Amino acid sequence: MEPMKKTMNAMRAMWGALAFFSGTATAVAAPAVVGYFSKEPAAVFDTKVKPFFATQSKCPGCEIRNLTPYNSKGEYNPDKLVDAIEAVPQDVSFLFFDWNERSGPKNKEVLDALNQKISEGRLLIASAGVPPTNEGTCPLNRTLMGQANDAIIIGELVERDLLLAQCYYGPEMLSAIRPPKELMGQGMAPLYFVSRLAGSWNKRKPQDWSSYLKARKNKSKRLWPELEEFFPR
């Protein structure tokens with residue numbers, strides 16, 4: 001009986017070890033995947049966006065995936081945007097739109113698609129955006145992203161902590177971020193924010209990020225909280 005008892009104890013120990021390592025593997029979350037949408041040509045993503053993200057996220061394995069719908073020339077195709085939003089893959093951690101525009105009947109279906117994704121638990125990060133040259137600016141609550149439920153909207157600071165000229169504005173903006181000096185004024189601040197978020201993504205549950213970011217803003221003594229206040233090193 002004694003040899004059999006020892007064998008059973010050894011088997012229990014082996015299964016316990018397997019269960020431990022299996023549980024540990026399950027608990028390790030996958031690196032963040034950012035679902036990116038832009039109005040820029042496809043070439044801009046490969047030459048500018050993707051390299052900047054890789055440098056700033058400091059996250060091995062993190063990915064920014066271009067989900068923008070394009071035509072055969074590699075130009076943004078707005079007619080396919082709703083379909084692209086509805087088809088966002090399950091492994092995408094959160095969405096990032098690097099543009100904004102006035103809200104109206106023409107983009108009502110886009111707004112509905114975004115709100116549906118948000119209701120499913122997807123976090124939406126969006127640029128405050130700037131209007132086309134033939135339009136004036138307006139409050140964020142009259143824009144597409146300003147009307148998306150619980151969207152995290154990021155603006156850009158330029159010299160002397162001023163907002164990027166002509167950007168959409170309002171209290172819906174979580175913060176305005178100062179990008180690296182060599183990229184100042186190019187609309188890269190929201191991507192800078194997103195890169196740092198991706199690198200910190202696994203520090204919290206996905207459903208907790210929105211409330212965390214807003215709480216950090218409320219605790220800040222600055223008008224525009226800095227990146228380190230949201231993502232301390």
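Mentor: We shall look at the ring pairs and then turn to the cysteines. Please note that this is a predicted model.

Trainee: How many aromatic pairs are there in the whole structure?

Mentor: A search of the whole structure gives 13 aromatic pairs. In one of them, the ring centres of Tyr36 and Phe45 are 5.4 Å apart and the planes meet at 35 degrees, so this pair is tilted.

Trainee: Is Tyr36 buried or exposed?

Mentor: Tyr36 is buried, with a relative accessible area of 3%. Phe45 is buried as well, at 7%.

Trainee: And what kind of pair do Phe97 and Trp99 make?

Mentor: Their planes stand at 65 degrees, with the ring centres 5.7 Å apart, so Phe97 and Trp99 are edge-to-face. Both Phe97 and Trp99 are buried.

Trainee: Which residues form an aromatic cluster?

Mentor: One cluster consists of Phe94, Phe193, Trp201, Trp209, Tyr212, Phe230 and Phe231. The charged end of Arg204 sits over the ring of Trp209, 5.3 Å from its centre. Arg204 also lies over the face of Tyr212, at 3.6 Å from the ring centre.

Trainee: Now the cysteines: how many disulfides does the structure hold?

Mentor: It holds 1 disulfide, which joins Cys59 to Cys62 with an S to S distance of 1.9 Å. A disulfide is a covalent bond between the sulfur atoms of two cysteines. The link of Cys59 and Cys62 is right-handed, with 60 degrees about the S-S bond.

Trainee: Are Cys59 and Cys62 buried or exposed?

Mentor: Cys59 is buried at 19% relative accessible area, because buried means under 20%. Cys62 also counts as buried, at 14%.

Key: Residues are numbered from 1 along each chain as its sequence is written. This is a predicted model: local features need pLDDT of at least 70, side-chain atom pairs count only at pLDDT 80 or more; totals for chains, interfaces and linings use all residues. Side-chain values use heavy atoms; hydrogens and water are left out. Rings of Phe, Tyr and Trp (its six-membered ring) pair if their centres lie within 6.5 Å; planes under 30 degrees apart count as stacked, over 60 as edge-to-face and the rest as tilted. Buried means under 20% relative accessible area, exposed over 50%, partly exposed in between (1.4 Å probe, protein chains only). A charge sits over a ring if NZ of Lys or CZ of Arg is within 6 Å of the ring centre and within 35 degrees of the ring normal. A disulfide is a pair of cysteine sulfur atoms within 2.5 Å.
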